[in-house]
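Here is a short briefing for a reader who is new to this structure. Look at the sequence and the model first, then follow the points by topic.

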Amino acid sequence: MAAHPMTSSTLATMLLLVAVGITKVAGDDSRNTGSNKGNDMTRAGDLVVEVCKNMSSDILKNKVHFDPEPCISVLRSDNRSAMAKDHGDLAIVAFDLLEQHSKAIASKIDSFLHGLKVHNWTERAFRFCAADYAAILHTIPLCRDIFLDVKPMGTKADHFAAMTALACVNRLGVATRDCSLVLVNNWDYDQVDPFVDVTRHVSLTWGLIEIATGTLDDHSDW
C-alpha cells in the first residue's frame with residue numbers, strides 16, 4: 001500500500017513518464033505503402049498514422065496524450081479503424097475502445113472487492129473506484145450520442161455543440177483520474193498503471209474530437 005500522497009499534477013507527470021517516448025513514426029513505410037496501393041485501406045491506414053502524430057504534437061492542448069506508437073497500436077486493435085473515412089470515424093472507434101477498457105477495469109474492481117476480507121483504506125479506495133466506473137459506464141454512451149450529433153458537421157461543427165461533447169468527455173477524464181489518485185495513495189503504486197491507462201484512452205478520445213470538430217479546449221480538468 002502506497003505511503004506517499006499524490007496530487008493531480010504528480011499523476012499527470014506519472015502518466016507522461018509511463019507512456020512510451022515520442023518517436024518518429026514510420027514515415028518511409030507509409031509513403032511506400034501509398035505508392036504501392038491506392039485503395040481506401042491504404043488511405044485509412046495513413047489516417048491512423050496522421051492522427052497519432054497529431055496526438056503527440058502541440059496542436060492539442062490536453063494534458064495527457066498518446067505517443068504515436070501506442071496510439072497506432074490502440075486504434076488498429078479495432079478493425080474498423082482500417083476503414084475510417086475521417087477523424088470522426090476514428091473518434092467513434094476510440095469511444096468504443098474506451099468503453100471496452102472501462103468495462104474490463106470495472107470487472108477487475110468488482111473481483112477485487114469480492115475477494116477482499118478486510119475493511120481498510122484499500123477497500124474504501126476500491127469502493128470509491130467502483131462508484132467512479134459505474135458513472136463512467138453510464139456516461140460513455142451519452143458522450144458518444146452527443147458527438148454523433150456533431151460528427152456530420154466535421155470542422156464546421158457548432159462550437160457550443162463541440163464543446164458540449166468535450167465537456168462530457170471531461171467528466172470521464174476526471175472520474176478516471178480520481179480513481180487512479182485514490183488507488184495510488186491507498187494501494188500498490190506498481191499495480192495502478194492499468195487504471196491510468198483508461199485516462200490515456202479518454203485522452204485519445206478527447207484529442208480525436210478536437211481534431212474532428214476543429215475545436216481546441218485547454219480547460220480539461222484531469
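Which residue forms a salt bridge with glutamate 99? The partner is arginine 144, and the closest N and O atoms of the two are 2.8 Å apart. Bear in mind that this is a predicted model. The briefing starts with this pair, moves on to other salt bridges and the disulfides, and ends with one aspartate.

- Glutamate 99 sits in helix H5, which covers residues 87-115, while arginine 144 sits in helix H6, so their bridge ties together parts that are 45 residues apart in sequence.
- Glutamate 99 has a relative accessibility of 16%. Buried means under 20%, so glutamate 99 counts as buried.
- Arginine 144 is buried as well, with a relative accessible area of 13%.

**Other salt bridges**

- The count of salt bridges comes to nine.
- One of them pairs aspartate 78 with arginine 80. Their closest N and O atoms are 2.8 Å apart.
- Aspartate 78 is buried, at 10% relative accessible area. Arginine 80 is partly exposed, at 36%.
- Another bridge joins arginine 127 to glutamate 123, with 3.6 Å between the closest N and O atoms.
- Arginine 127 and glutamate 123 both belong to helix H6. They are four residues apart there, so about one helical turn separates them.
- Arginine 127 is partly exposed, with a relative accessible area of 49%. Exposed would require over 50%, so arginine 127 stays in the partly exposed class.
- Glutamate 123 is buried, with a relative accessible area of 8%.
- Some salt bridges share partners. Through them, Asp78, Arg80, Asp96, Glu99 and Arg144 are joined into one network.

**Disulfides: the overall pattern**

- How many disulfides does the count give? The count comes to three.
- Number the bonded cysteines of the protein chain in sequence order, and the pairing reads 1-2, 3-6, 4-5.

**Disulfide of cysteine 52 and cysteine 71**

- Cysteine 52 is joined to cysteine 71 by a disulfide, with an S to S distance of 2.1 Å.
- The link is left-handed, with -75 degrees about the S-S bond.
- Cysteine 52 lies in helix H3 (residues 40-55) and cysteine 71 lies in helix H4 (residues 68-76), so the link ties together parts that are 19 residues apart in sequence.
- Both cysteine 52 and cysteine 71 are buried.

**Disulfide of cysteine 129 and cysteine 179**

- The sulfur atoms of cysteine 129 and cysteine 179 are 2.1 Å apart and form a disulfide.
- Is this disulfide left-handed or right-handed? The torsion about its S-S bond is about 105 degrees, so the disulfide of cysteine 129 and cysteine 179 is right-handed.
- This pair links distant parts of the chain, 50 residues apart. Cysteine 129 is in helix H6 (residues 121-150), and cysteine 179 is in helix H7 (residues 159-186).
- Cysteine 129 is buried, with a relative accessible area of 0%. Cysteine 179 also counts as buried, at 0% relative accessibility.

**Disulfide of cysteine 143 and cysteine 168**

- Cysteine 143 and cysteine 168 are joined by a disulfide, with an S to S distance of 2.0 Å.
- The torsion about the S-S bond is about -85 degrees, so the disulfide of cysteine 143 and cysteine 168 is left-handed.
- Cysteine 143 is in helix H6 and cysteine 168 is in helix H7. The pair links distant parts of the chain, 25 residues apart.
- Cysteine 143 is buried, and cysteine 168 is buried too.

**Aspartate 89 and its contacts**

- Where does aspartate 89 lie? Aspartate 89 is part of helix H5.
- The side chain of aspartate 89 reaches the backbone nitrogen of lysine 85, at 2.8 Å.
- The side chain of aspartate 89 is also joined to the side chain of lysine 151, by a polar contact of 2.8 Å.
- With neighbours within four places in sequence left aside, aspartate 89 is in contact with Ala84 and Lys151.

Methods:
Residues numbered from 1 in each chain as written. Predicted model: local features only at pLDDT ≥ 70, side-chain atom pairs only at ≥ 80, totals over all residues. Heavy atoms only, no water. Disulfide = S-S within 2.5 Å. Helix = DSSP H or I, 4+ residues; strand = E, 2+ residues; numbered from the N terminus. Buried < 20%, exposed > 50% of the residue type's maximum accessible area, 1.4 Å probe, protein only. Salt bridge = Lys/Arg side-chain N within 4 Å of Asp/Glu carboxyl O. Polar contact = N/O pair within 3.5 Å; in protein donor to acceptor, adjacent residues only side chain to side chain. Contact = heavy atoms within 4.5 Å.
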